[in-house]
Amino acid sequence: LARHEMVVGLYYYRRGAYVSAINRGKYLIENYPQSEFVDDGIALMAASYKALGQATLADDSRRVLEKNNPQHDYLTGKWPRSKSFLRKLNPFSGELN
């Protein structure tokens, strides 16, 4: 279930629905605190806050991520990862890139 929340949050992020992406990240953190996707939820929130121009909230999220997982891909600029090769081949995914 945590993975599903993350996938939906990334979908919203890629579509520019940053408030919805933030809400999915918060929901993931609050309801699945022991999952392996908590750090990704924090990264999703940081990226979405940054896209909305909320520098203070983005910095706070980044600081939490640095404390929890200093090697996270978001901190090195390699997050979010691109879609998988098979997803790019699917003409019905609704994604042109």
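Leaving aside neighbours within four places in sequence, Y74 is in contact with A43, A46, A47, K50, R62, L65 and W79, where contact means heavy atoms within 4.5 Å. The model is predicted: local features need pLDDT of at least 70, side-chain atom pairs count only at pLDDT 80 or more, and totals for chains, interfaces and linings use all residues. Residues are numbered from 1 along each chain as its sequence is written, and side-chain values use heavy atoms, with hydrogens and water left out.

Y74 also belongs to the largest nonpolar core, which has 16 residues. A nonpolar core is a set of buried Ala, Val, Leu, Ile, Met, Phe, Trp, Tyr and Cys residues joined through side-chain atoms within 4.5 Å; buried means under 20% relative accessible area, exposed over 50%, and partly exposed in between, with a 1.4 Å probe and protein chains only. The residues with the most contacts inside this core are M6, L44, L65, Y74 and W79. Two or more residues each come from α1, α2 (18–31), α3 (38–52) and α5 (73–76); helices are DSSP runs of H or I with at least four residues, numbered from the N terminus. The most is given by α3, with 6 residues. In soluble globular proteins, nonpolar side chains tend to be buried together.

Helices α2 and α3 pack at an angle of about 155°, with their axes 8 Å apart. Axes are lines fitted to C-alpha atoms, for helices over the stretch in contact, and angles run from 0 to 180 degrees between N-to-C directions. The angle makes α2 roughly antiparallel to α3, a term for angles over 145 degrees. On the α2 side, the contact is made by Y18, V19, A21, I22, G25, K26, L28 and I29. The α3 side includes V38, G41, I42, L44 and M45.

Helix α1 (residues 2–15) contains E5. This residue is buried, with a relative accessible area of 10%. Not counting residues up to four places away in sequence, E5 touches R24, Y27, L28 and Y32.

The structure holds 4 aromatic pairs, defined as rings of Phe, Tyr and Trp (its six-membered ring) with centres within 6.5 Å. Y13 and Y18 form an edge-to-face pair, 5.6 Å centre to centre with 65° between the planes; edge-to-face applies to planes over 60 degrees apart. Y27 and Y32 also pair edge-to-face, at 6.4 Å and 75°. Y27 is partly exposed at 39% relative accessibility, and Y32 is partly exposed with a relative accessible area of 21%.

Note on methods:
Rings of Phe, Tyr and Trp (its six-membered ring) pair if their centres lie within 6.5 Å; planes under 30 degrees apart count as stacked, over 60 as edge-to-face and the rest as tilted. Angles under 35 degrees count as roughly parallel, over 145 as roughly antiparallel, 65 to 115 as roughly perpendicular and the rest as oblique.
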